[in-house]
Structures are given as C-alpha cells and as structure tokens.
Amino acid sequence: MANRTQDPGPHEHFTISYAGFNRPWATWIARQLEELGHETTLLVWDPPSGMSISDALRDLLRSPGRVLLVLDDRSFSLGPRADTDWAQVLHEVVPPRGGRLSAVSVATQALPAAAPLRPIGLRDLDAREARHRILRRLDLDATTVPGPVSGSAPRFPNDPPAVWNMPRRNAHFTGRDTLLDKLHARLEEGGRGGARVALRGISGVGKSQIAIEYAHLYSNDYNLVWWVGAGFRAPAREQFEQLAAKLDLPVGPTLGERIRAVQEALRKGEPYRRWLLVLDNADDMEQIEDLLPGGNGHVLITTLTQDWAASGSATEIEVEPFQRPESVACARRRAQRLTEAEADELADAVRDLPLLLAQTAAWLDANVMPAKDYVAMIRRGEASRLGIRISSDYPMGFQTSWSITLNTLREDNPEAVELLYLFALFSPDAIPVRLMRGAHTSDLPARLAPLVADPIRWHTALHRLSESTAIRWDYVESSEPGPAVHRVSMHHLYHGFLLSTLAEDHRDSLSKIACALLAGADPRRPSDIRDWPRYAELIPHLETAGAPANRNPVVRQLVLNCVEYMRIRGEYQAALRLCEQAIVHWRTWLRPDEQDMLVLVHQYANMLRRIGRYQEAQTVGRAVLDRLAEARTVDDPDLLRAKNGLAGTLSALGRYDEARAMFQEYVDAHSDALGAEAPPTLQGRSNLAWVAGLQGRYEESLLLHRDILLIRERLLGPRHHLALRSAMFCSWMLRLLGRYGEAISLQEFNVRAHQQTMDPFTPQTLFAEHNLALCMRRAGDLPGAESLMRSVVERFVQRQGPHDPDALLVQADFATLSREHGDRERAREMAATVAEGYADLVGPQHPYAIGTMGNLGLALWEYGEREEALRIAEQTLTRMRAAVGPTHPWTLGAALNASGARSLAGDAEGAAELSRAVLKLARHSMGETHPLTLSCKAAFAGDLHTLRHVQNPATLSVRHRERPLWDFEPQMI
C-alpha cells in the first residue's frame, strides 16, 4: 500500500451538500478529504418549497469547487416534489456539468430519482471501504494512506457511539437549523471545561425533539450519549446510575455507589472523554442538579423554567415556536397534498407550535377532509361536534385538532384508544408498559387483554399511536415477533388533554386498573435497599393513577410502603404530600382507629416533624394518643407507637425529660411482650439512647447504642442500614466523650459502608459523613474536615433547602469549622443565618436557638466586638440554664464561653469567679479527663494568672486567642 509521502495530486475544494439529518456523514467525508490536503465546505441544502428544482440545483452549483451530494431516503422528499420531477431536472442539469456534481447514498433503498448522479452506496460498509469508494467516485487516489486521526475527529457514522440510549429520531423533524447551530456553538464554547445548556420554552414548543435531533445530528462527535427523563428525581437517578453497567465500572450493587462511580468516570473522561448527557423535562432544578457531573463533557437540559440560567448552573437558549417558513415546510412534508397557502393557514391556526402542527398535518395526511374545512373547525373550536368534553384551560386549536384526531382513531382502532387512555393514568414521562405486558388478563379490560397478549397487535397499536398522537416510544431487541417496547412517554400537554376528555366513570374504571398494576409490582419490602429501584419506578405514577384515593387494601398498603421508602430515603416533602393526599380520601371510609389509618397518620406526623413543622406534628400526635388512651390498654401496640411518635416530636421541641419517659414506656412494654431483641424494642431502645445523648448523658447513651449495634449486626448483618445507623451513633457518642481516636476509626469505616450501600443524598449517609468531618476536626485535620463538611452542607441544602432542620444542623457546624479554619466572614454570616433560622423554626427559648446564638457570639469575638460578644455570651448562659439545667454539657460550655467573654471585656474577677464555678461542675458531671473539663481547667488557670498581673487590652486580646472555647453542636433529632 502507498504511504503518506505519496503526492495525492492537486488539492481541490469540495462543497459537501447534505440535508441536516445527514451531518454525521458530511463531517466524516469532509475529514477524509481534508486528511489528503483538500479544502471542504459543508452546506446544509434544504430548498424552500416554493423554489423550483431547477433553480435549487443551479443555486447549489454556485457553491465553490466540486459539489458532493449526500443522499438518503428523505433527500427527494424535501418539499412536495415528485421523484419524476427530480429525475427529469437531474437529467437536464447533471450531464452538462461533467464531473462537478457527484453523489453518495446512505439510503436504505434504491433512489430512482438520483440515477443521473450515479451515487455510490455507503450503507453497511466499514470505514476503510467507504473511504475507498468515495475517493474513487471523486477520481482521487484511493490508495493514499491518511495521517493519524486525532481524538476530536468525527467517528465513522456506521459505528454508533459506544454508549447510547437516545430515543428514536423523529423522521419528520423539520427546521430549527439556526437553533441547532447556536446550541452546538454554546456547547463547544465550554472547551475542556465542559458546558451545560438549558433549552427553555413553553410546553409544546419542541424542546425534547430538538434535544433528540441534536444528539443524532452530532452523534459522531461523541463516544457516549445518555438520555435521562428528569421529570421525577427517583427514576432519574435510576436511569443515570444505569451508566455504571454500560461503562463496566467496578462498583457494588447499591444505587449511591453506582451514581458516584458514574459521576467520577465522566468527570475524569474515562473511558470516554467526549460525552453528552441529556436531561429531559428537568423543571425542578433542585431535585436533579446533584446528578450533573463535572468534566469536559456536554450537558443538555430541557426545561420550562428559568432556574438553571438564574442560578448559573447552565446557559440558556430560549426555544420559541416555529418561524412561519419552518411551519409551512413541516406541514407540507407531513401532508404533501397541502398547498403553500393551506400550510400557512394551518400554521396560523395552531400558532406555529411544533407539537400541534405535527399532529394536525399528520391527520390531514391520513384523512380526506379539505384542509380549509379542517382549519375552519380549528379556528371555531368545534370540539363539541365530536362528542368530547374538554377543559377550557386548553387553547381552541389544541382542543379541536386533537379531538378530531382522537375521534378518527376511535372509529378506526378503538382498542388503541383504550390503550392510550390507560397510558394517561400513569406519569407521562415513563409509562410502565412492562407492567401491562406482564399483567394477568383478568387485571385488564376485555378490549385490552387480547391486544396486550399478542405482540404483533401490541406493536401495531403502539405504532399507530406514535403516528397519530403525542406519544413517543423506543424499543429493544427481543425474541418476540417484532421489537419489544422499552420505553413509552407522552407529551405533558397531550397527557393533560387526554385526562380532561375522560368521563368520570371511565376514568374511575381505568384508575382501578392502573392501581392494580402498580400494586402488583409492589415488592412489599420498603426497607430493603435491593428493592429501592422498584419503588423509585412506582412512586411517580401514584398520584396520576389515583392510588391515594383507591379503597383496595392492597393499594393502600402500596401507598404506605411508598411513604416508608421515602422516609428512609429522606424524601420527606414528597412523603408528606402523599400522606396528605391519602388522608383526605381515607378518612371518608376508614375509622380513625383502623390500622391503615393509624399508620398513615403516624407517618404524617413523622414527616411533619422531619421537615420542622414541630407544633403541627405535636398536635396530630397528641390527638391520636389521647384518642387511643381512652379506648386501648396500656400495652396496646397502636397506643405504644403513638407514644413513640409523640416522644420524637417532644424531643425535637427540646422537652427531653418528657420524651425520655415516653420512650421508656415504649421500651418496657415491648420488652415484656416481645423480648429485648425484637425490632420494635430495638427501635425504642435506640430512641432512648439518643434522647439520653440530648440530655448530656453521653456515657449512658454510648452503652445503649453499642448494645443495640451488636444485636443488629448479629441479626441483620453489619451492612444493614439500621446497623450502620447504630454504628454511627456509637461513633457520635465516642466523639462527644472526647475519645477521638476510637470515634474517627469507627466513623471512617462507617462512612465507607454507607457510601457502598446507600445513596449519597440519603440523610443517613450525609450525617455519617458529617460526623466524620467533626471527628477529623477533633483529630486536627482542619482542611480535610472543612472540605468534607462543605460537601455535606451543599448536598443537604441542595436536597432539602437551607431552612430544613437537617440543613440548619450541618450549617451550624460548618460555621464553627469555618471560624476555626480562618474564614471569619463566612463563619459570621453563616452563624447569623443559622441562629435566625433556628429561632424561627423552634422559638428563641429552644436549646438549639440559644446555642447557635452563642456560636454567633464567638464569631463576633473574632471581629473584636467585645460588648456584643459579652452580651450574647451572658444571655446564652442564662437561657441555657433555664432550658436544660445547670449541669448539662451545653450549659457548662456556655459558662466557659461567658467567662472568656468577661475576660475579653476586662472583667478579670468576674471571669475567674465563673470559670471556678464551671470547673467544679464539669469535674462532677463530665469527669477529670473530658475535653470540656480540661478546657475549664485551662480557662481557670488563665484567669488566675490574669488576676496576678496588670494587663492592658492588647495583652488581653493576645491571651484571649489562646483561651479554650466551646462550640454548640446541635444533635440529630
């Protein structure tokens, strides 16, 4: 074979002309020619429908150099022109131009109209043979060896990206050339740092279709292209983590571990440096943003909101309706019988919205009604003529055109319409067709059972729906006749339209079917991590299917299981919403003391407490407890559960003694009835251990947690989430006892286990990392602690908002860590925010509000604001004594700080008097070697030294910086 040093002949200029959808072929061909030293120009050729073929070809031949046409199945359908017209004009135009006009074909069938061009076929060839044929067709030296291909070179189009899950390309996609160019430029502007672009626009404007087209259009620029339906958090996370298997990442079986591994692989660009991630329907940025990886890849987002751009997370491109020429071209390609004037009238009637335009044109293509009559019906809004009830929320054009389509489909294929309506009873983003295919025929209506059981009829119905309505489906290879449907989605606007047309009795019957299908897929094990992916898949459909309003006990259990799953996962707001929806309906047919109702109300109060609505949680819990106390015995399980729940709320309100008494009653009763190692008993003992910690009884709390840990590891295994929780609590108490070496050793292992088995955004995982950061701080690793704590704070705030109780807790500790790390400004700002947040959440007399206000005082010390720091320190001490008593560690710490504030303000005698008193109490309650006692000793010694020497203010400031301080640390509830 010839080598690179051979002279390839004179260098030429080639214009490579292609329809937009053939860009991958055009860019690859251009690269082959450029490797040989030739110049190329890429030209998207899409002659306006009003231009004659002759004029279009002559216009094309004004391009520089030789012209190479890239043809495929749609090339001669660019506008309503017949094949014979193309052939005739090509016979006239091509011969006189000699070799100036050439063509290649990537079509799947013969192109009779292209015969004068003598196109060479490239489909089903490998890259080497395709290159050889192109060069021979252009009379170039086909034996010349190209130079080395750079990593940025476009991939051969017959070789798809190594990892790919994009929906099928829309064969009727039209226009948007300017927008696609702008999108490509924006993504490329990111360079090595990657780029994120959000396509924002109203529903029906075509954002998702643009994203799909972009991915196909630029597919040979990427090695990995991955689509995530981002309408709901849980299924979005499941779709994202599926990349782990595609990338052959060596990870464990848990969701959290796989997500982290995928993010790290994309960030590093290993094994694929060029990647595109598409997040479709990402309207709730806070729920999805944590998925986004770093690195030099591209992220494309479709959204209704401006949040992505406003937050700086992505640059924005606004997607508007079609320009009128695009509308006309789209309509005439979908319905070739339309004249340009008729297409213009249709576009005007539907406001140039791509979704509606595609549906109306498709109907006109399949039906003989004169276009002018159809457009007149749309303008008049005559949906009522078709016997369909529609909400007035929808524009007249949508009402009438979709009504006409639905009515026609009902007449021709009623079983497909019934399937379509059943689809509407599920979330539109990911309709669970697998549940339908796997259902018993008795669970389906008589009209649908035969269709679902027959793969050919099933596929035919789906194909008809995709052509006539706004659903999209993709398939995978299957052993069945025809392809197996992998995913079905429906446009949100069309989904709402369908629901608005359903009569109440029809919707009720379909709701029962949908709920039965969902309940049949319930693993019935919400606490088992292995079943969490299934619950994530089911939850988005509950509300649409009507599950909260369903009376079937099996469906009620599904609802309760989903609430419990969301509780463990930390999806508190979503769980609260589901509880509220169910309570509204269940209370109309269930008595307050029925089991399902009691469990639901218990979870409702639980969720209220977890999001910080403590007074409401107490009201709900107290009402249930009082009602049950009148009718049940003292050892009744429901009564005990109510006590346990109310005790949790009381502990959140700072009423630790009351909470402890209730927890003790719960433990004693279950221990007598079920034994010390029964799950309810262990749960109660764990709560008792934690409230002991809140009371400052750290040694007692540690002993209880350690005993529970040993039992849970033996019964459940060391990686069970409850065992991991107990181990974290043990480390937490070890740290509060000052046994830092033991604490950090245990917590490092505990964090690794959490990361391997649970999601990185689950509150339990975040608290495990939070505790590790505090352990690292005590061990002297301030940079490492600061970095880890920052990550925990960002994830808590991102997931639950800055004012959530858990987010406030970690922000309080991060403010302290920032002060110690030297970032005074951030420490002061965050301490003030946290103190204000706790005062609003629990009231100014709560220990957490008092303690975090004291932390703010410490931050003010750093700025030399002595009077204000002293005032806050004295106030903190007084209030903390009243809240938790004089010997609680929190009170002792507040006293230590107050003595320091007195010393800083020049009151040496007052400082010494207070430090002497607090040292005596600390020795008695904490022991001689506890870090707090040692700090009190150092402070008292410093005060005694000060009293013996006359000090000026500057000397006091120097000594103050060496004085031990105590930071208030809120505890988990």
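A nonpolar core is a set of buried Ala, Val, Leu, Ile, Met, Phe, Trp, Tyr and Cys residues joined through side-chain atoms within 4.5 Å; buried means under 20% relative accessible area, with a 1.4 Å probe and protein chains only. The model is predicted, with local features needing pLDDT of at least 70, side-chain atom pairs counting only at pLDDT 80 or more, and totals for chains, interfaces and linings using all residues. Residues are numbered from 1 along each chain as its sequence is written, and side-chain values use heavy atoms, leaving out hydrogens and water.

**View 1. The largest nonpolar core has 203 residues.** Those with the most contacts inside this core are Leu346, Leu419, Phe423, Met436, Leu498 and Trp890. Helix H25 (residues 553-569) contributes nine residues, the most to this core; helices are DSSP runs of H or I with at least four residues, numbered from the N terminus.

**View 2. Leu419 and its contacts.** Contact means heavy atoms within 4.5 Å. Apart from neighbours within four places in sequence, Leu419 touches Met436, Leu448, Leu451, Trp458, Ala461, Leu462 and Leu465.

**View 3. Strand S9 (residues 275-280) has six of its six residues buried.** Strands are DSSP runs of E with at least two residues. Trp275, Leu277 and Leu279 lie on one side of S9, and Leu276, Val278 and Asp280 on the other.

**View 4. S9 pairs with strand S8 (residues 224-229) and with strand S10 (residues 298-303).** Two strands pair if DSSP finds at least two bridges between them. The pairing of S8 and S9 is parallel over six bridges, and that of S9 and S10 is parallel over four bridges. Val278 is the bridge partner of Trp227 and stands opposite Leu300 in S10.

Terms used
Buried means under 20% relative accessible area, exposed over 50%, partly exposed in between (1.4 Å probe, protein chains only).
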